[in-house]
Amino acid sequence: MRKADQPPLPDETFGTLPKLKLAAFLAGCGEADFATVSESCQIAAPTLSKAAVALEEAGYVRVRKGHVGRRPRTWLSLTVKGRRAFEDHLAALSALTAQGRAHQADEETS
């Protein structure tokens with residue numbers, strides 16, 4: 001359990017680059033179709049699918065399926081829980097970076 005004065009820890013759910021890219025992209029939009037995410041994030045479809053399923057199982061991503069005309073489509077979006085978790089993850093990374101910079105500055109002045 002984390003003490004109140006300790007910085008938050010990064011969320012290991014975002015521990016792979018495809019998951020991190022997916023969450024970052026979705027944080028910037030309401031919803032995006034699978035092909036757009038794949039192309040924009042340069043993630044191969046099978047890898048994106050695996051990342052989306054993992055984040056969906058964590059409750060962080062919503063997967064919606066439908067059709068545009070006769071063609072099947074899949075849309076992805078962050079859930080409220082996922083958006084909050086991603087913001088907390090970024091805050092934790094920022095805190096870690098700040099901690100590292102402070103440590104480096106301490107060593108340089110010693």
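Guide: Cysteine 29 is partly exposed, at a relative accessible area of 23% (buried is under 20%, exposed over 50%, partly exposed in between, with a 1.4 Å probe and protein chains only). This is a predicted model, where local features need pLDDT of at least 70, side-chain atom pairs count only at pLDDT 80 or more, and totals for chains, interfaces and linings use all residues. Residues are numbered from 1 along each chain as its sequence is written, and side-chain values use heavy atoms, leaving out hydrogens and water.

Visitor: How do I read the packing of H1 and H3?
Guide: Two packed helices are described by the angle between their axes and the distance between the axes. Axes are lines fitted to C-alpha atoms, for helices over the stretch in contact, and angles run from 0 to 180 degrees between N-to-C directions. H1 and H3 pack at about 75 degrees, with axes 9 Å apart. So H1 is roughly perpendicular to H3 (65 to 115 degrees). Pro18, Lys19 and Leu22 of H1 make the contact (heavy atoms within 4.5 Å) with residues of H3 including Leu48 and Leu55.

Visitor: Which residues does valine 61 touch?
Guide: Leaving out residues up to four places away in sequence, its contacts include Leu26, Leu55 and Leu76.

Notes:
Helix = DSSP H or I, 4+ residues; strand = E, 2+ residues; numbered from the N terminus. Parallel < 35°, antiparallel > 145°, perpendicular 65-115°, else oblique.
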